[in-house]
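Subject: Handing over a structure

Hello,

Here is the structure I promised to pass on to you. Please have a look at it, and then read on for what I found in it.

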Amino acid sequence: MKTLAQMADHVLRTPDGRTKTAISREYAATWQAARAAGETPEIGSASPPDMPARPDAPALLDPRDVPRRKPGTPEGRIAILHAVAHIELNAVDLHWDLIARFTDTEFPIGFYDDWVKAADEESKHFNLLCDCLEAHGSHYGALPAHAGMWRAAQDTADDLMGRLAVVPMVLEARGLDVTPGMIKIFQQAKDRQTIDALNVIYAEEVHHVAYGSKWFHYLCGRDALDPTSTFHTLVRKYFHAKLRPPFNEEKRAEAGIPPDFYWPLSEDT
Ligand SMILES: [Fe+2]
Ligand SMILES: [Fe+2]
């Protein structure tokens, strides 16, 4: 059996989205079966690529050059689905990268259980959105996508606490803020399949943010660091914008992100 780091590295080096998520789900199932049988599989180590392998399409553009479309039109809704599918594919790689890149830091095995589960769920999310795109006669790769998605990973490639602060606790928490509005758009269009997919995503993303908060606090506790001020310092260092309200206070609280973590970093302060 491959070590967990080798599995992660293989996912990261697989370009095609559907193939990447299939391999990702298969490895997650392998890991979870071993854990359910009471085993502690080897974590090992790997040299994950600076950038994960990606398919030839979509073309990756500077965010300013990605055309904007009105959400009230079928084309606009396809553009939203495409953008979210792109985010999910990046999220698959982000979680496996977190597993593969920081194996020098010792963690209880639960750290890996959490991120394998998160990576598995992101793989499911990407597939659900691809299914929605295909139901509308489109597909992932049909439109250009954001080039900047891997920036946060590159900026925090040597800083595990920075990675946890920026990726699950800022970027994925932002997903909790914006998803209800997105669900409304598809409710107005009476698009049942997409509403169902987004509801699955919304429910599961709370856990990814919670895993971020849990392991961030774990590391703070191990080094006797103040979590709030450490979080502020790291987000200011690695995240190059202010956080944008309105915040989903309810879901953020559920995920273990208290208001004094994000309000001091927001545009309104
Ligand atoms: Fe997701
Ligand atoms: Fe996520």
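Before the counts, a word on terms: helices and strands here are DSSP runs, a helix having at least four residues and a strand at least two, and they are numbered from the N terminus. Please also keep in mind that this is a predicted model.

**The chain as a whole**

On that basis the chain has 10 helices and 2 strands. In sequence order they follow the pattern α-α-β-α-α-β-α-α-α-α-α-α. The radius of gyration is 18 Å, close to the 18 Å that the globule rule gives for 269 residues, so the chain is as compact as a globular protein of that length. Along the principal axes, the C-alpha atoms fill a box of roughly 50 × 50 × 30 Å. Of the 269 residues, 41% count as buried. Among contacts with a separation of 6 or more, 80% are between residues 24 or more positions apart.

**The core**

The largest nonpolar core has 65 residues, and those that touch the most other members are Ala8, Ala85, Ile99, Leu129 and Ala165. Which helix gives the most to this core? That is α3 (residues 74-101), with 12 residues. Domain 1 (1-53 + 60-129 + 137-148) and domain 2 (156-269) both give residues to the core, so it lies between them.

Of its 28 residues, 22 are buried, so α3 is largely enclosed by the rest of the structure. Its end C-alpha atoms are 40 Å apart, which agrees with the 40 Å that its 28 residues should span at 1.5 Å a residue.

**Helix α8 and its surroundings**

Helix α8 covers residues 227-238, which makes 12 residues. From first C-alpha to last it reaches 16 Å, close to the 16 Å expected at 1.5 Å a residue. Which residues of α8 are buried? They are Phe231, Leu234 and Val235. These residues cover an arc of only 100 degrees around the axis, which puts them on the same side of α8. Among the elements that cover them are α6 (160-188) and α10 (259-262).

Ala165, one of the core residues named above, links up with this picture. Leaving aside its neighbours within four places in sequence, Ala165 is in contact with Phe231, Leu234 and Val235, and also with Val170 and Phe216.

**Some details in the loops**

- The bond from Ala57 to Pro58 is cis, with omega near 5 degrees. Pro58 lies in the loop between α2 (17-36) and β1 (60-61).
- The bond from Pro245 to Pro246 is cis, with omega near 5 degrees. Pro246 lies in the loop between α8 and α9 (249-254).

Then there are two residues with a positive phi, although neither is a glycine. Lys190 has a phi of about 50 degrees and sits in the loop between α6 and α7 (192-222). For Ala224 the phi is about 55 degrees, and its place is in the loop between α7 and α8.

Are these two residues buried or exposed? Lys190 has 8 of them within 10 Å, so it is exposed. Ala224 has 6 within 10 Å, so it is exposed as well.

Enjoy looking around, and do write back with any questions.

Best wishes

Note on methods: Residues are numbered from 1 along each chain as its sequence is written. Chains are lettered from A and ligands numbered from 1 in the order in which they are written. This is a predicted model: local features need pLDDT of at least 70, side-chain atom pairs count only at pLDDT 80 or more; totals for chains, interfaces and linings use all residues. The expected span of a helix is 1.5 Å times one less than its number of residues. A residue is buried if 20 or more other C-beta atoms lie within 10 Å of its own, exposed if 12 or fewer, and partly exposed in between; C-beta atoms are placed from the backbone. The arc is that of the directions from the helix axis to the C-beta atoms. Two residues are in contact if their C-beta atoms, placed from the backbone, lie within 7 Å. The radius of gyration is taken over C-alpha atoms; the globule rule is 2.2 Å times the number of residues to the power 0.38. A nonpolar core is a set of buried Ala, Val, Leu, Ile, Met, Phe, Trp, Tyr and Cys residues joined through C-beta atoms within 7 Å. Domain bounds come from an automatic or database domain assignment.
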